[in-house]
Each structure stands twice: as structure tokens, then as C-alpha cells.
Amino acid sequence: LLEKWDRTCAYCGKTDIPLEIEHIVPKSKGGSNRVSNLTLACRACNRKKGNKSLEHFLSRKPRLLKRIQKQSKLPLKDAGAVNTTRWDLFRTLKKTGLPVETGSGGLTKFNRTTRG
């Protein structure tokens, strides 16, 4: 998501700030966790949008609405290639007998948050 949305809040365009995962179609209105339904937003924009539809939230910004709708449909081809390479590398390193471990983005975020 960081790469797909250029590490930028989809709604206000701010960068170099903490970003949150935001559901384009809110889960409370049938939205899913599919990548095509996720974007990044700063805390202020995420709270402001709440569970409003994207069309309602951006009703006064039709160009931005159209851009977000288009960008949300873009595939993550590069992410698939990186993921495949990562697991091949992991399996190869495990065969060496050296201690190897993996982590997740969620664990990384937890560690960064709790350790400041």
C-alpha cells in the first residue's frame, strides 16, 4: 500500500507523516480488506471520512474522487514478485542451517510504536 499510494495521504496529499490504512468502501457498508478497497490516509482525513462513502466524502472534489477510484484499481504486480522472491530467499537461507526468522509488517509497526 505504501508504494501503491506513494507514501502519501490519498485525500490531502500529506507526506512524511504517519499514515493509516483506510477502507475506500467502509467495512460497515460492505467493504472488504482487499487491496483494491484500501488506501492510505493521515489520521485527520481518516477520521473525517469515517464511514462515509468515497463519493459523498469527495463530492466537492470530483477530480480527486476520479483519481482515487482509478488508482485503487491498479494491480500490485511488483509486490507479487517481491513476495515470491522473499520466500525463495527464506527457504534457501533455511537450508544453510543458520538461524533464520521472519516478521510481519504488523510486528514491525508494533515494535516501532511501542519503542518510539
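The model is a predicted one, in which local features need pLDDT of at least 70 and side-chain atom pairs count only at pLDDT 80 or more, while totals for chains, interfaces and linings use all residues. Residues are numbered from 1 along each chain as its sequence is written, and side-chain values use heavy atoms, with hydrogens and water left out.

In soluble globular proteins, nonpolar side chains tend to be buried together. Here the largest nonpolar core has 16 residues, a nonpolar core being a set of buried Ala, Val, Leu, Ile, Met, Phe, Trp, Tyr and Cys residues joined through side-chain atoms within 4.5 Å; buried stands for under 20% relative accessible area, exposed for over 50%, and partly exposed for what lies in between, with a 1.4 Å probe and protein chains only. The residues with the most contacts inside this core are Trp5, Cys9, Tyr11, Cys45, Leu54, Leu58 and Ile68. The elements that each give two or more residues to the core are strand 2 (38-42), helix 2 (54-57) and helix 3 (62-72), where helices (H or I, at least four residues) and strands (E, at least two) are DSSP runs numbered from the N terminus.

Leaving aside its neighbours within four places in sequence, tyrosine 11 is in contact (heavy atoms within 4.5 Å) with Glu22, Thr39, Ala41, Cys45, Lys49, Leu54, Phe57, Leu58, Leu64 and Ile68. Lysine 73, by comparison, is 62 residues from tyrosine 11 in sequence and 16 Å from it in space, C-alpha to C-alpha; lysine 73 has its place in the loop between helix 3 and helix 4 (77-94) and counts as exposed, at 66% relative accessibility.

The cysteines come next. The structure holds 0 disulfides, a disulfide being a pair of cysteine sulfur atoms within 2.5 Å. Cysteine 9 is in no disulfide, and its nearest cysteine sulfur, that of cysteine 12, is 3.6 Å away. Seen from cysteine 12, the closest cysteine sulfur is that of cysteine 9, and the 3.6 Å between them is too far for a bond. Cysteine 9 is buried, with a relative accessible area of 1%, whereas cysteine 12 counts as partly exposed at 37%.

The backbone also deserves attention. Most residues other than glycine have a negative phi, and most peptide bonds are trans. Arginine 7, although not a glycine, has a positive phi of about 55°, and aspartate 16, likewise not a glycine, has a positive phi of about 55°.

Last come the pockets, each an open set of points on a 1 Å grid over the protein atoms alone, where a 1.4 Å probe fits, with protein on both sides within 12 Å along at least five of seven lines; lining residues have an atom within 4 Å of a point. The largest pocket has a volume of about 620 Å³, volume being the space filled by probe spheres set on the points, which are joined across faces, edges and corners. This pocket is lined by 17 residues, of which Leu2, Leu19, Gly105, Lys109 and Arg112 lie nearest its centre. The elements that give two or more residues to its lining are strand 1 (19-23) and helix 5 (105-115), and helix 5 supplies the largest share, 6 residues. Helix 5 is hardly covered, with 0 buried residues among its 11.
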